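Here is a friendly note for anyone opening this structure for the first time. Please keep the sequence and the 3D view side by side while you read.

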Amino acid sequence: MSEAPKTAEALIAEGRTFPPDPAFAAQANANDPAIYERAEADPEGFWASFAEELDWFQKWTKVLDWQPPHAKWFVDGKINVSYNCVDRHANSPRKDKVAIVFEGEPGDVRKITYGELYEDVSRFANVLKSLGVKKGDRVGIYLPMIPELPIAMLACTRIGAAHSVVFGGFSVESLRERLVDSGAKVLITADGGWRRGNVVPLKKTSDDALLDAPDVSKMVVVQRVGAEKCPVTMEPGRDVWWHEAMASASATCDPEPCDAEDTLFILYTSGSTGKPKGIQHTTGGYLTGVYATSKLIFDLKDSDVFWCTADVGWVTGHSYIVYGPLANGATVVMYEGSPDTPGRDRFWRVIEKHKVTVFYTAPTAIRTFMKWGDDLPNGCDLSSLRLMGTVGEPINPEAWLWYHSVIGKGKLPIVDTWWQTETGHIMISPLPGLVTLKPGSATRPFPGIAAEVVDDSGKPMPIGHKGYLVINKPWPGMLRTLWKDDNRYQQVYWSRFPGRYLTGDGAVKDEDGCFWLMGRVDDIMLVAGHNISTMELESALVEHPAVAESAVIGKAHDVKGQSPVAFVIVREGYHADEALAADLKKFVGSKLGPVCRPDDIIFTADLPKTRSGKIMRRLLRDIAEGRVLGDTTTLADPHIVASLKDKYSSDEG
Ligand code: ATP
Ligand code: MG
């Protein structure tokens, strides 16, 4: 990839920086800048120092065994994840500390201490055993965001079974496919869950999925909603109620010593680029990675109340609602429902009520809150907050600055964390007490992570130029393979640059060594010989006062190769007309240079997003180029593409 006109430079040139606040830095878990050199000089020693803070049944004999592209971390080590996330706190003065604060969408609140969590996890581990689940088996979990979800996951880890959590918003076919692919024996579900005031009928979906998932022989059902609003049929011999099974289960269950390389879980990627991949994570390295990153990036202290708004059905929830924070003995908030129920200030109310100190959300949510206006957050007491984070997509500087000023009152550090389902834990992010923040940049690789930006031939890109983001050395939380498909693992991640992990994302490194993520390599357009990332145009568009959100794609063009097409959602109070379209084209052209001017502007009320909230540009390309739509199974709302398709052809015609 070659030099771009003014684009990546335009982002970097914004030039606004935010050095760490000295008071924050003084109390930060990571406050010695030498940590970077220390980790670079001896990454294995660096990671081992965190593994040593965990409790092992048997210590490892070797930190890393690297036979590219296969890694083993903490070789011969024996450990149990639930022991580290629960028992060691329950056996300490943290016993009565709240581990999970749950708030349901209807407003019900439950607080579970570490002592109580210990009993629930042990009980459910015994329930799993009684259903015939053994070490090495897979357990499917399809639950709403309720405490039974982390309890079920931890119970699996307690007996050495691998879980495969399927996001509760998925349909029959997506659930069935994931259950069959992972070979789950048992499914844990609920009668239903609450979403926007409606009941999501999970048991019904599970019943339908099981019509054609012959390996699943038992189903455990949590009664979340109740028979009045969500009646279900229990199949005798197959289905059991969670509360009935728990009532007769013993509250002691010895944690199984697992090998560091035993499979901890399988999780399917969100599918924004195609068919979801079954990412396989193991035990010792993953736990070390999520423990260390939670401690240093989220700066977790015993006094913190940490709220990550992701669903546990995604990797963000696995690593930063369940395993990372609980391994640190933190208090985590879990919220069941949508951000606009009953009102659009629900998130700010949750922060106010539970005195959240560290808040971690996604750019797509931040852009939505921006669109809803400042009055909602300004009407709540957010003074408990001390640190904020984002994950999931590049955050455009405009949204970063809004988050910083309106939610963080101009004072709080923001950690923009780049990582993937595959990486298991955060890979690029500021350490909030050490690194100067730059809106729109995820800044520096986490200590011990060897990230680099390279060209087609694998040579480092010069500063300020776009290239492929690769990781040069193995890291503890890395995926070990794709479930039952090691060939695809080798081909997707390791064949492009042998021995180096291909992230699939484009990036630019600036003169301070900070990384600017440019979205997926597939989303980089080649316009009249220039590499332009869709994300750069989107960031420019969102700076226009009329634009709430946008998605840009490159459409095949006879002369230019590709021409940029922008799908735009306008802010409340603005009129989507030809004059605005002309103005937007001019605006982008003057900000980024004439090559970047979008050829078409399509106004829309919604964008096609995955169920994790990411824009599916692949489908927008299909629409713009008049193709049959590709795989749409992970779409949150399939109607959006259909109506966009109609709109696109009528606008074109
Ligand atoms: P699939 O691989 O199936 O297409 P996906 O990549 O959307 O799905 P995830 O693993 O959840 O599934 O997402 C990881 C991707 O999200 C990264 O590769 C990157 O493109 C994007 N991403 C995550 N965090 C950030 C961030 N802080 N800045 C920029 N991009 C980010
Ligand atoms: Mg991906």
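1. **A term to start with.** A polar contact is a pair of N or O atoms within 3.5 Å; within protein, one must be able to donate a hydrogen and the other to accept it, and residues adjacent in sequence count only if both atoms are side-chain atoms. By that rule, three residue pairs (both at pLDDT 80 or more) are in polar contact across the interface of domain 1 and domain 2.

2. **What you are looking at.** This is a predicted model, in which local features need pLDDT of at least 70 and side-chain atom pairs count only at pLDDT 80 or more, while totals for chains, interfaces and linings use all residues. Residues are numbered from 1 along each chain as its sequence is written, chains are lettered from A and ligands numbered from 1 in the order in which they are written, and side-chain values use heavy atoms, with hydrogens and water left out.

3. **The two domains.** Domain 1 covers 29-338 + 417-507 and domain 2 covers 528-652; such bounds come from an automatic or database domain assignment. Taken over C-alpha atoms, the domain centres are 34 Å apart. Contact means heavy atoms within 4.5 Å, and 14 residues of domain 1 are in contact with 13 residues of domain 2.

4. **The interface between them.** About 1000 Å² is buried between domain 1 and domain 2, with carbon and sulfur atoms giving 54% of that area. Buried area here is the accessible area (1.4 Å probe) that two parts lose on being put together, summed over both. A salt bridge is a side-chain nitrogen of Lys or Arg within 4 Å of a carboxyl oxygen of Asp or Glu, and the rule finds one across this interface. Also worth a look is the salt bridge of lysine 466 with glutamate 536, at 3.1 Å from N to O.

5. **A three-stranded sheet.** Strands (E, at least two residues) and helices (H or I, at least four) are DSSP runs, numbered from the N terminus, and two strands pair if DSSP finds at least two bridges between them. One open sheet has the order β1-β4-β14 with antiparallel pairing. β1 (56-58) and β14 (258-259) are at the edges with a single partner strand each, so one side of each has no neighbour in the sheet. β4 (residues 78-79) pairs with β14 over two bridges, and lysine 78 has aspartate 259 as its bridge partner there.

6. **A hairpin.** Strands β5 (residues 98-103) and β6 (residues 109-113) run antiparallel and are joined by five bridges. Isoleucine 100 stands opposite isoleucine 112. Five residues lie between the two strands, and glycine 107 in the turn has a positive phi of about 110°.

7. **Leucine 264.** At 3%, leucine 264 is buried. Not counting residues up to four places away in sequence, leucine 264 touches several residues, including Val81, Thr157, His281 and Tyr286. Leucine 264 and serine 164 are 100 residues apart in sequence, yet 9.2 Å apart in space, C-alpha to C-alpha.

8. **Two helices.** Arginine 176 sits in helix α8 (residues 172-182) and is buried, with a relative accessible area of 19%. Leaving aside neighbours within four places in sequence, arginine 176 is in contact with Ala209, Asp212 and Ala213. In helix α13 (residues 346-354), the buried residues are Arg346, Phe347, Trp348, Val350, Ile351 and His354. Lysine 355, with a positive phi near 50°, follows α13.

9. **Salt bridges elsewhere.** How many salt bridges does a search of the whole structure find? The total is 47. One of them joins lysine 59 to glutamate 52 at 3.2 Å, N to O; lysine 59 is partly exposed at 47%, and glutamate 52 is partly exposed at 48%. Arginine 480 and glutamate 261 meet at 2.9 Å, N to O. This pair links distant parts of the chain, 219 residues apart, and both partners are buried. Finally, Lys203, Asp207, Glu235, Arg238 and Asp239 are linked in a salt-bridge network.

How values were computed: Buried < 20%, exposed > 50% of the residue type's maximum accessible area, 1.4 Å probe, protein only.
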